[in-house]
Protein chains: 2
Amino acid sequence: MKSATIVGAGLVGSLWAVYLSKAGYKVKVVERRPDIRKAEISAGKSINLALSDRGWKALDAVGVGDEIREIAIPMYGRIMHDLEGNLSYQPYGQKGQAIFSVSRGELNARMMTIAEKVGNAEIFYNEKCENADLEKGIVYTINTLTGEQLEFKSDLIFATDGAFSAVRYNAMQKVDRFNFSQQYIEDGYREILLPANEDGTYKLKTNALHIWPRGRFMLIALPNEDGSFTCTLFMPFEGHKNSFENLKSRDQVEHFFKSTFPDFFELMPNVADAWEDHPLSSLALIRCYPWTHGKTALMGDAAHATVPFYGQGMNCGFEDCTKMWDLMQKHGEDWDAIFKAYEQWRKPNCDSMQNLSLQNYHVMRDHVADPKFLLQKKLERKMQEAYPEEYLPLYSMVTFSHIDYADAERIGEEQNRKIQKIMNLNDIEALFENGQIDDLIHQFYIQLTQA
Amino acid sequence: MKSATIVGAGLVGSLWAVYLSKAGYKVKVVERRPDIRKAEISAGKSINLALSDRGWKALDAVGVGDEIREIAIPMYGRIMHDLEGNLSYQPYGQKGQAIFSVSRGELNARMMTIAEKVGNAEIFYNEKCENADLEKGIVYTINTLTGEQLEFKSDLIFATDGAFSAVRYNAMQKVDRFNFSQQYIEDGYREILLPANEDGTYKLKTNALHIWPRGRFMLIALPNEDGSFTCTLFMPFEGHKNSFENLKSRDQVEHFFKSTFPDFFELMPNVADAWEDHPLSSLALIRCYPWTHGKTALMGDAAHATVPFYGQGMNCGFEDCTKMWDLMQKHGEDWDAIFKAYEQWRKPNCDSMQNLSLQNYHVMRDHVADPKFLLQKKLERKMQEAYPEEYLPLYSMVTFSHIDYADAERIGEEQNRKIQKIMNLNDIEALFENGQIDDLIHQFYIQLTQA
């Protein structure tokens, strides 16, 4: 029986343990933290997660999707809150299409249980990866409670240990010609829990992702199962009037929320008291290559951590499992071939996923409240309604399809050039009102099919 | 008496030890390797170095330039060798201007002695940096011979431990929001020693840098004091007909040199036997930020390692000393202010230096043998002769001036746009021959002064 060691019992590691077990591998998972199902600890710093089609596909392929659906709350669109408390709504896709809010902690706990039960994987907790022999397939750990040192030797190593992967840092980064970058964005984030009403109901409309876009910064809120919302404030660390360096005192925080998010403040007048409940955290993109060396492969955030603004981090990590599995079907037990094909296929796609995440950071921050942007979204929806087979908006390609990310990025750019031509017409607003926009869409469609 | 620990007794570390001693600091230098002056070891993998004006300025400022001049061989220009063995010559600058070939090992040995004698620095050998407390000013080392662990505590830490800096890797990279990238280029290099003639004379013209440009790869040769030349072959690792993966056997190497560098092969018919004397090595750019944290600053390659194609790696590292020294004069003992100003000033300049190094990689590789490129160089020289005060070619700004690198890059781009206009004229060759080029240069000059 072939064996594999997975470093990191996070979301991707737990799911990949299920896949490998199904393929007949003896799987050991080493995890730095204690068992989150037993201890009262956080599952790592994280905004809530938004599961979408790529994630579901990877879960359903090994029959674990339904168990996750039990804790997933559909969000059918964005609800924008302006300064006066006016709301506007943008559906994410077509009728019935949604992304799903899940709590990382809950999801991770379930995934671990599934890995153990469905996958027969053995999880070793409190085992910190100290080093790895990538070519011989050995993971060296130290137990954080006992100090005991262990070696896990197996036919394969999968590093699913996140953005600050110990396998990557301790071993991969020392391999000659390993390209690597960690790039922080200017903004940080802080979470705030908006509690449920006393009767357990939600304080905001449930089946949506709420955004308070304010130009250079924004607040978002995702629903939790218990009626609360996990809210996240994204803003610059420093160098701007509205930045975390200027939100130090209770008074500053209170004044900031009162004046900037008045409708939110009304729902949570004690926001300043909850300010310190969660740490101020940073956001980085990790890019590297190659992703495999000898018997070892990086998967998920360890290979391609991204900023959270397209909701694709976890979904992309889960898709790594789908793709690796596909390659196992194609190449059998030839892991050299699987690894080579995996990294060559996934690298450009995950680069695109990261590019799109960065772009959406700017879109959400700067444009989502812009009337022109809302009109463009309307145009895109009209296009899709008129030609559902031919035209898929970029957001839908990324979120509701399985088109390779690189293709989605490329097609999206082509579509956008054409859409901008329409949007740049004089009196575009009038064209919407007098219905001429439909003729333009038809012209656009002809261009599209001729391209 | 204030104290400082310098990690790395390489070129920049040794020079900086002299500066700090002069400023009244008690300096300890910890060095991973044994004393290169006593042991028969290499001073690290390295092509020969080309000292130029920025380097000399930093050396002369603390009175050590003359000792280095003793081992420096001036190179006044490039000599290009074509496939038929024809030579062409490009002076680097104006009459008398040169870059200087020095052996890294020799230079490093002298710098260490100078640091000890002139600088009263104490160098601790075989001390491998295991970690550092950047804020408290502690460097943790382990002796590679005895296994003994030491702590070096001081008011300041300077990490001059090169491209793969242990301070950066073990400590700086773990600081939140530290941006970092290591980017390898597609090409590797291998050194070959072309020995002196039996009577000790040089086999090639001495006071020049020799280049055999061949499009996608090139061989260069720099003179050594003993009559030999250190030659370096730069070429892709793989994926090309002419690449290191296709130079494995003795026969392949011999055939390659015979057919590609025939005049070189004639001078060194046993090149295939010397092929394995030096390892195949890779080339990377390291970019990171910030460069300082707490009591610690990165200098030289630890902060901004580059590819060697502009000959600025060491010169730029030495210039870090010049600039840090200038800031010490300005801010006195206020190291927070010095460090902040140092990184803010140097970062954009060293980014430019790296950009220029990468550009020159392409120039040397692809264009240096192009007749149009040679004509452009001629045009640039004519411009400089006609208007020596107003026009300085980019190469001269970088190599023979102390203009900030970022300014050099920007001015160079502006100049290049104008030069390309002239170069794109029909019959540019004829314009040179019939002398009309001088009128064009005058027009160019008018544009330049009006800009």
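Helices here are DSSP runs of H or I with at least four residues, strands are runs of E with at least two, and both are numbered from the N terminus. This is a predicted model, where local features need pLDDT of at least 70 and side-chain atom pairs count only at pLDDT 80 or more, while totals for chains, interfaces and linings use all residues. Residues count from 1 along each chain as its sequence is written, chains are lettered from A in written order, and side-chain values use heavy atoms, without hydrogens or water.

For the complex, the predictor gives an ipTM of 0.87 and a pTM of 0.90.

Next, select 104–117 in chain B. That's helix α4, 14 residues reaching 20 Å from first C-alpha to last, close to the 20 Å expected at 1.5 Å a residue (1.5 Å times one less than the number of residues). Buried residues (under 20% relative accessible area, 1.4 Å probe, protein chains only; exposed is over 50%, partly exposed in between) include Leu107(B), Met111(B) and Ile114(B).

Now pick 335–367 and 405–423 in chain B. Helices α11 and α14 pack at about 50 degrees, axes 7 Å apart. Among the residues of α11(B) that meet α14(B) (contact is heavy atoms within 4.5 Å) are Arg346(B) and Gln359(B); Tyr405(B) is one of those on the α14(B) side.

Last stop: Glu198(A), in the loop between β13 and β14 of chain A. Glu198(A) counts as exposed because its relative accessibility is 89%. Its C-alpha lies 9.6 Å from that of Gly227(A), 29 residues apart along the chain.

Key: Axes fitted to C-alpha atoms, helices over the stretch in contact; angles between N-to-C directions.
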